Amino acid sequence: MDWIQYAFDLFLHLDKHLAEVLRDYGTWTYLILFTIVFCETGLVVTPFLPGDSLLFAAGALAAVEGLGETLDPTVLFVLLSAAGILGDTVNYWIGAYVGPRAFSGDIRFLKKEYLDRTHQFYEKYGGKTIIIARFVPIIRTFAPFVAGIGAMNYRRFIIYNVVGAICWVGLFVYGGYYFGNMEFVKRRFSLVIVAIILISIMPMVVEFLRARRGKEDSKGG
């Protein structure tokens, strides 16, 4: 399908597409990036939006000279940290008011298995899930939602929320800024993005395999 091909192209060549946005919209790019990060962390219906890769690409673009308009890494860090904090906060209160009813099956993008996986993360990591989940796609979107349902009081949540957002945004924005403009990375940017995605989903894969093995052992016993 054309939209699937476009999605893959968007993810794999995020640096080029982001450079085009910067040339076309200038400083409005900050608002575009803010909106994407906010939606990816704040709306449970948009877990498919780029997170880690977008932050890395934005940081890498901030290090490129000669584009006319340039991005400032410090401004990116402050704005996108704020977007992540605000997004998780909104998601928490959505979870508090809507709760598990959203996973009744009526909404296509909200699969109960996502909710179950996030609950498993809470069982293993407790409140630190909010920080750890920042680095795991899909879980990142659903962790604050589950916290709002009743896994965590808001005072504890906001502390983990702020710490997690600062660590997440800082790591990828400044990682992109300092490493994304290296010749090796620029030539193989698509492979770097794939590596970031694979490393990000690894904890989720490990948890899935452990849960599956546990079920098989219980059946065998």
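**Group meeting: helices and salt bridges in a predicted model**

Hi everyone, let's start with two helices: the axes of α3 and helix α4 (residues 52-62) come within 11 Å and cross at roughly 160°. Axes here are lines fitted to C-alpha atoms, for helices over the stretch in contact, with angles running from 0 to 180 degrees between N-to-C directions. Two packed helices are described by the angle between their axes and the distance between the axes. The pair α3 and α4 is therefore roughly antiparallel; the cut-offs are under 35 degrees for roughly parallel, over 145 for roughly antiparallel, 65 to 115 for roughly perpendicular, and oblique for the rest. The crossing of α3 past α4 is left-handed, meaning that the near helix is turned anticlockwise from the far one by less than a right angle, while clockwise would be right-handed.

A word on the source: this is a predicted model, where local features need pLDDT of at least 70, side-chain atom pairs count only at pLDDT 80 or more, and totals for chains, interfaces and linings use all residues. Residues are numbered from 1 along each chain as its sequence is written, and side-chain values use heavy atoms, with hydrogens and water left out.

Now the overall picture. The chain has 11 helices and zero strands, where helices (H or I, at least four residues) and strands (E, at least two) are DSSP runs numbered from the N terminus. Of the 221 residues in the chain, 42% are buried; buried means under 20% relative accessible area, exposed over 50%, and partly exposed in between, with a 1.4 Å probe and protein chains only.

Back to α4. How many residues of α4 are buried? The count is 11 of the 11, so α4 is largely enclosed by the rest of the structure. Among them are Asp52, Phe56 and Gly59.

A search of the whole structure finds three, each being a side-chain nitrogen of Lys or Arg within 4 Å of a carboxyl oxygen of Asp or Glu. Glu40 and Arg140 meet in one of them, at 3.0 Å from N to O. Because Glu40 lies in helix α3 and Arg140 in helix α8, this pair ties together parts that are 100 residues apart in sequence.

Arg140 also forms a salt bridge with Asp52, with the closest N and O atoms 3.0 Å apart. Here Arg140 sits in helix α8 and Asp52 in helix α4, so parts 88 residues apart in sequence are tied together.

Asp88 is in helix α5 (residues 73-98) and Arg134 in the loop between α7 (129-132) and α8, so they tie together parts 46 residues apart in sequence. Both Asp88 and Arg134 are buried. Through shared partners, salt bridges join Glu40, Asp52 and Arg140 into one network.

Phe142 is buried, with a relative accessible area of 0%. Phe142 is 51 residues from Asn91 in sequence, and their C-alpha atoms are 8.0 Å apart in space.
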